[in-house]
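Open your viewer and load the model. This tour tells you what to select next and what is there.

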Amino acid sequence: LQPTGSFKFTEELHDKNPKRVLGQEINLGGVKDGEKVVEMAAYHPSTARHISTKLCRHFLGVEDGPAVEVATAVFIETKGDIKSVLTSIFESSEAGYTAPVIKRPFEFAVSAIRAADGHTDGKGPVQEHLTKMGQPLYQWPMPDGWPTDAESWTGSVLGRWNLSLDLAMRRLKGTDMDAEALQARSPAAPVPALLLGRDENHPKVKEIIDAADGAELHPAEWAALTFASIGFQWR
């Protein structure tokens, strides 16, 4: 039996005749035929545009425009060096000026735990919340991946609120964050500023503080309010 994930080339099962792929004749012999096809597909301009478009959609929320064009050109020039492609996207004139991109449930959960320096084993309770928010891991039935448009994830925010509260109040077995300890490390900064990584005068931070309407909240309550806020739902 072949070990899972390994590759084996069986010479006698290989078609030894010349082949034409994407207008190019291939007759290198043996496994090199297949390697050549993979190389052609990986470096094809359509691949460059497809991957660049997906990256721009994810990070900028756009599917066309200068950022996509530049990223595509960088992909072709560097033969698919993703670091270079991402650098071109992050340094593009559109970065920071496009419409906000909503976090899908998995990203929302991970970003909340990371923002609070928390940890998780990723098991039962977290999985249950992901299911209730509409993104159970590995459950999307189609091969095109989970939707990326905002409309697919903004139908109900109740699941996000419930996760925000359970996480902040430390109710999730196997997952924990300590808002009080987070506050103790930076006592002068409000919890929303710490969780958002922003200055206390930033509009998103002020919006959360104003929503409390002067109430004296425990750090965990501030954390729950921050996670559930509109500002935290967007990248």
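**Stop 1: Leu 195**

Select Leu 195. Its relative accessibility is 6%, so Leu 195 counts as buried (buried means under 20% relative accessible area, exposed over 50%, partly exposed in between, with a 1.4 Å probe and protein chains only). This is a predicted model: local features need pLDDT of at least 70, side-chain atom pairs count only at pLDDT 80 or more, and totals for chains, interfaces and linings use all residues. Residues are numbered from 1 along each chain as its sequence is written, and side-chain values use heavy atoms, with hydrogens and water left out.

Leu 195 sits in helix α9. Helices (H or I, at least four residues) and strands (E, at least two) are DSSP runs, numbered from the N terminus.

Which residues does Leu 195 touch, not counting residues up to four places away in sequence? Show Ala 115, Ala 116, Leu 182, Ala 223, Thr 226, Phe 227 and Phe 232. Here a contact means heavy atoms within 4.5 Å.

Leu 195 and Leu 137 are 58 residues apart along the chain, and their C-alpha atoms are separated by 25 Å.

**Stop 2: the largest core**

Next, colour the largest nonpolar core, which has 28 residues. Such a core is a set of buried Ala, Val, Leu, Ile, Met, Phe, Trp, Tyr and Cys residues joined through side-chain atoms within 4.5 Å. Leu 163, Leu 167, Met 177, Leu 195, Ala 223, Phe 227 and Phe 232 have the most contacts inside it.

Which helices each supply at least two residues of this core? Select α5 (105-115), α6 (124-132), α7 (158-168), α8 (179-185), α9 (191-196), α10 (203-211) and α11 (219-228). The largest share, five residues, comes from α5.

Zoom in on Phe 227. Leaving out residues up to four places away in sequence, Phe 227 touches Phe 108, Ala 112, Ala 116, Ser 164, Leu 167, Met 177, Leu 195, Phe 232 and Gln 233.

A second, separate core has 13 residues. Among them are Leu 60, Ala 71, Phe 75 and Leu 86.

**Stop 3: helix α7 and what follows**

Select α7. Its buried residues are Gly 159, Arg 160, Leu 163, Ser 164, Asp 166, Leu 167 and Ala 168. These buried residues pack against α5, α6, β4 and α11.

Just after α7 comes Arg 170, with a positive phi of about 60 degrees, although Arg 170 is not a glycine. Look for Arg 170 in the loop between α7 and β4 (175-176). Arg 170 is partly exposed, at 44% relative accessible area.

**Stop 4: Asp 117**

Move to the loop between α5 and β3 (119-120), where Asp 117 is placed. Phi of Asp 117 is near 55 degrees, a positive value in a residue other than glycine. Is Asp 117 buried or exposed? Asp 117 is exposed, with a relative accessible area of 54%.

**Stop 5: the whole protein**

Zoom out. The protein has eleven helices and four strands. Its radius of gyration is 24 Å, well over the 18 Å that the globule rule gives for 235 residues, so the protein is more spread out than a compact globule. The radius is taken over C-alpha atoms, and the rule is 2.2 Å times the number of residues to the power 0.38.

Along the principal axes, the C-alpha atoms fill a box of roughly 75 × 45 × 35 Å. Of the 235 residues, 32% count as buried.
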